[in-house]
Amino acid sequence: MVENNIVDGEILDEATLTLEEFAHACAVERQWVKERVESGMLGDGTHYVSQWRFTSYDLIRARRLRQMEYDFDAVPELAALVADLFEEIERLKGRLRAAGLPFH
Amino acid sequence: MEFKDYYQILGIDRATAIPDIKKAYRKLARKYHPDISKEPDAALRMQEINEAKAVLTDPEKRAAYDQLGEHYRAGQEFRPPPDWDAGFEFSGRNYEDVDLGEFSDFFTDLFSHVGRRSSRSHHHMRGLDRHAKVFIDLRDAYDGATRAVTLHAPQTDPQGNVYLQQHNLQVRIPKGITEGQHIRLVGQGHPGAGGGESGDLYLEIHFTPNPDYRVEGKDVFATLLVAPWEAALGTSLTMPTPSGHVQLKVPKGSQSGRKLRLKGRGIPSSEPGDLYFVLNVVLPPANTEKARQLYESMARDIPFNPRQKR
């Protein structure tokens, strides 16, 4: 069956995710998120649970952390280190692109 | 649907123990991980090895798959027989903790109902969220657009049989979206169980590479090529931008690398980004007698040494 309708969505960051929504979006338990926020691997360093709101950037990072942990049985700290390196590579690729230089 | 030989995908034999399966998996995951792999089919291969691992490292799923797979070879046309997994006890855990949207139809057909069946006691369980990447043009971020997204979601008919439903969504891309942002479509994820709500669909936005512009957050950068006399003497130019043509003043005495900022001409939002033209001075070639004479005249008459520290 094919459905055709125009669906409106909301831009994340204009409406950020709560802890529960965020955990569900990453297919992890809330505790998994809490542990990584409290240890500084995720989020903006705010430790007040009532203030936890997650953005697009957090979602990309958390899914990457989860993938590293699940795919390679990586301990969370190692997954975070790999995520840091990926982000650094992306930043450097952006600079190369800005300078008109190839990166492959 | 073709039968998938998960052992062949991981390059192992049927007697391989779980620790060695994980080892084989990690070796391939490193090669095909989409974040680092340069293989053209990396995403597809990663999906295959992920689902091979999901089945073969779960003793229950593996036992059921082994019995089913005895009579099939990779690539052979395949339809799962009804109740193919009868007699196997599934813990039901593994369905919930994977994102089914990232697995093949083969896997989904075989295992999607497993979690459903075993989780009958979970009333009103919300469906899984789904994730997809959508590529849009930079201009779509300025003007907004509608993009078609095709999803395949397992559905259960009244008899309890699972089938894959193709779902075409026309999604409105709101004006002002930037790279890496997500659009959340509430209720467009996987259906819930026991009357539970459907999950949400998250679309991760990427811009298709554009030869004329690069984007950093909401700011947009373009290169403006100018002749030496335009940079030295200043000029006024009409330039195209994603939001229409603009009149641009190049101040006299400009050098390569100078940025001309058009405030608020970046990606629109309540706080719009800026558009930057980065000057690049291009020298005319000295390939005619006249051009050569002019360069010689400049060399003689203009006291200038670019290597001299100011």
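In this predicted model, A:Phe54 has a relative accessibility of 2% and counts as buried, because buried means under 20%. A:Trp52, at 3% relative accessibility, is buried as well. The ring centres of A:Trp52 and A:Phe54 lie 6.5 Å apart and the planes stand at 70°, so this pair is edge-to-face. A pair of aromatic rings is described by the distance of the centres and the angle of the planes.

Chain B supplies another ring pair. B:Tyr7 and B:Tyr65 are 6.4 Å apart from centre to centre, and with 40° between the planes the pair is tilted. B:Tyr7 belongs to helix H1 (residues 6–10) of chain B and B:Tyr65 to helix H4 (residues 59–69) of chain B, so the pair ties together parts that are 58 residues apart in sequence. Both of these tyrosines, B:Tyr7 and B:Tyr65, are buried. Ring pairs also join them with B:Phe3 and B:Tyr6 in a cluster.

Some rings have a charged residue over the face. B:Lys53 sits over B:Tyr25, 4.7 Å from the ring centre, and B:Arg214 sits over B:Phe221, 4.2 Å from the ring centre.

In soluble globular proteins, nonpolar side chains tend to be buried together. The largest nonpolar core here has 38 residues, and B:Leu203, B:Leu224 and B:Phe277 touch the most other members. Domain 2 (126–209) and domain 3 (213–301) of chain B both contribute residues, so this core lies between them. A second, separate core has 25 residues, including A:Val37, A:Met41, A:Ala80 and B:Tyr202.

As a whole, chain B has nine helices and 11 strands, and 45% of its 310 residues count as buried.

Key
Residues numbered from 1 in each chain as written. Chains lettered and ligands numbered in written order. Predicted model: local features only at pLDDT ≥ 70, side-chain atom pairs only at ≥ 80, totals over all residues. Heavy atoms only, no water. Helix = DSSP H or I, 4+ residues; strand = E, 2+ residues; numbered from the N terminus. Buried < 20%, exposed > 50% of the residue type's maximum accessible area, 1.4 Å probe, protein only. Core = buried A, V, L, I, M, F, W, Y, C linked by side-chain atoms within 4.5 Å. Domains from an automatic or database assignment. Phe/Tyr/Trp six-rings, centres within 6.5 Å; stacked < 30°, edge-to-face > 60°. Lys NZ or Arg CZ within 6 Å of the ring centre and 35° of its normal.
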